[in-house]
Amino acid sequence: MTDAPCEPDELRSLFLFEALTDQQLAMLCASGHVDTYQPGPICVEGEPATCLYVLMEGELVMSKRSGGQDIETNRTSQRGVYCGAWRAFTGQPQDQSYDATVHVTKPSRFFVLDAPAFAHFMKDQFPMAVHLLDGMAVGLERTRRIIDNREKLLALGQLSAGLTHQLNNPAAATVRAASELRQRVAGMRQKLAMLADGTVTPEALQALVRLQEQVAGQVAKSASMNLTAIETTDLEDAVGEWLEDHGIDGGWDIAPTFVEGGIDTDWLERIAAATEELGASTSLEKAIRWLTYTVEGELLLNQVLEASKRISALVADAKQYSQMDRAPFQVADLHDLLRSTLVMFADRLGRDAGITVVKELDRSIPEIPCYPGDLNQVWTNIIDNAIAAMRDRDGTLTIRTCREGEKMVRVEICDTGPGIPDEVRERIFEPFFTTKPVGEGTGLGLDLAWNIIVKKHRGDLRVESVPGDTRFIVLLPLQDPPAGAGIPNPE
């Protein structure tokens, strides 16, 4: 790169400056300079936008990142074309970055103007135009934020309804179990009244308490028993017959509870043997009744525990999904984000909904630098569309992750719906374009997803579709942007 003096007459020969006055051209020449660049880059997409470049002689090539590669978008030798910090006058230059990479193919001369000097010149010489353009830029940005937030709120509303449904089941189970447990505890208190009238001796009580502890331990183990329906029925018949043979009233009603708690006929024999050792002070009937309350109480406590664990897991998944306690930009596990999003859709997936979920995940993929909350929004929008595509038909939702070369990770979200026609596929990332019925789609979901993946994460988002196999493919970088490139503003 070599510097050369700036000549006002040469600037006037460029279409960008041909209408300026001599005074304005002199101001530009005083603020800027002419540089000659050898073949190579002059500005790189994503790096801080520090200068405005105007081509005076030579050839430039403009490119944009897509899928980890630079895709050429323009090649020209036209004098007067500009690139770089051309939007500096619309805001604070230090907050802006180059929106494309520009390199020259042969030695090329440029008029170069620092971004602050360009902003000052525009505001000083063309205040009305700057106000109009600045207002347009601010208005477009405000509109973008409003519609993006609306899209997020719509998705959140749908997911919160599903999450409420999922939370309702374990919460209701907890309430039922707690109510029944209260009744069992009341019954146990009545049994303790036997101590007051001497019906049960201290020795017999100690023996019953030991039996009670053993039975409670067996109930805890029963949670890991996986009996088939036939095995359960056979055990209930055996336990019911044993209780009936030993003169226990209502034995057939007790049998299912004992079997659920892991108490079989071998256990009943142990209880009978222990009762015989206690003598006449404690009958088998009393021991069975006493232990029935124990089994029922332990089973109910298990239900409360499992329901509470389910509620806690759902809340943790919702927290992971919302990222409400996390930094906007951080290193995150891609699979944790996908899993938490699928949990939010649990009421619309699975056997009851007619949609099978298949996961083909490469667990060797490391954590990636990203905006986790925004990525969850992308998964939400794509999965929601996939579910809608498989509406009224059995289908399969496939989530697949793998590496794409050495620098990218690939995420595929696939559905077995009818596919996307070619004429629709070309427009699906356009704002406000939707094929859903009126009132069901905003046409902003995939546009928002594209902006998050391509603009904020410098990745790529594309779709491949044939009937029965539609794939949304997301490519994300595995590493942070290069030093000095800056991170896109999360807003």
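Which helix does Val 219 lie in? I found Val 219 in helix H5, residues 202–222. Helices here are DSSP runs of H or I with at least four residues, strands are E runs of at least two, and both are numbered from the N terminus.

**Ground rules**

I'm working with a predicted model, where local features need pLDDT of at least 70, side-chain atom pairs count only at pLDDT 80 or more, and totals for chains, interfaces and linings use all residues. Residues are numbered from 1 along each chain as its sequence is written, and side-chain values use heavy atoms, with hydrogens and water left out.

**Val 219, continued**

I looked up its cover next. Val 219 counts as buried because its relative accessibility is 1%; buried means under 20% relative accessible area, exposed over 50%, and partly exposed in between (1.4 Å probe, protein chains only). Leaving out residues up to four places away in sequence, Val 219 touches Gly 261, Val 295, Glu 298, Leu 299 and Asn 302. Contact means heavy atoms within 4.5 Å. I also checked Thr 294: it sits 75 residues from Val 219 in sequence, and the two are 9.3 Å apart in space, C-alpha to C-alpha.

**Whole chain**

I counted 13 helices and 16 strands. Of the 491 residues, 42% count as buried. Among contacts between residues at least 6 apart in sequence, 75% join residues at least 24 apart. The accessible surface comes to about 25,700 Å², and 53% of it belongs to carbon and sulfur atoms. Those areas come from the Shrake-Rupley method with a 1.4 Å probe, and for residues only the protein chains shown count as cover.

**Cysteines**

How many disulfides does a search of the whole structure find? It finds one, and it joins Cys 6 to Cys 29, with the sulfurs 2.3 Å apart. The cut-off is a pair of cysteine sulfur atoms within 2.5 Å. The link of Cys 6 and Cys 29 is left-handed, with -55° about the S-S bond. Cys 6 lies in the loop between strand S1 (2–4) and helix H1 (8–12) and Cys 29 in helix H2 (22–31), so the pair ties together parts that are 23 residues apart in sequence. Both Cys 6 and Cys 29 are buried.

**Cores**

The largest nonpolar core has 38 residues, and Leu 375, Trp 379, Ile 383, Leu 397 and Leu 476 have the most contacts inside it. A nonpolar core is a set of buried Ala, Val, Leu, Ile, Met, Phe, Trp, Tyr and Cys residues joined through side-chain atoms within 4.5 Å. Elements supplying at least two residues each include helix H10 (334–344), helix H11 (372–389) and strand S13 (395–404). H11 gives the most, with seven residues. I picked out Ile 383: beyond residues up to four places away in sequence, it touches Thr 341, Leu 342, Phe 345, Leu 397, Ile 399 and Ile 413. Another core lies apart from this one, with 37 residues, among them Leu 28, Leu 52, Leu 113 and Met 122.

**Helix H10**

Why is H10 largely enclosed by the rest of the structure? Because nine of its eleven residues are buried, including Leu 334, His 335 and Met 344. At the N-terminal end, Asp 333 caps H10, with a side-chain oxygen 2.8 Å from the backbone nitrogen of His 335.

**Strand S2**

S2 (33–37) is mostly covered, as four of its five residues are buried. I traced its pairing to strand S9 (108–114): antiparallel, over five bridges. Two strands pair if DSSP finds at least two bridges between them. His 33 stands opposite Val 112 in S9.

**Two arginines**

Arg 410 lies in strand S14 (408–415) and is buried, at 13% relative accessible area. Its side chain makes a polar contact with the side chain of Glu 404 at 3.3 Å. A polar contact is a pair of N or O atoms within 3.5 Å; within protein, one must be able to donate a hydrogen and the other to accept it, and residues adjacent in sequence count only if both atoms are side-chain atoms. Among the residues Arg 410 touches are Cys 402 and Arg 462.

Arg 458 is in the loop between H13 and S15 and counts as buried at 14%. Its phi is near 55°, a positive value in a residue other than glycine. I noted the background: most residues other than glycine have a negative phi.
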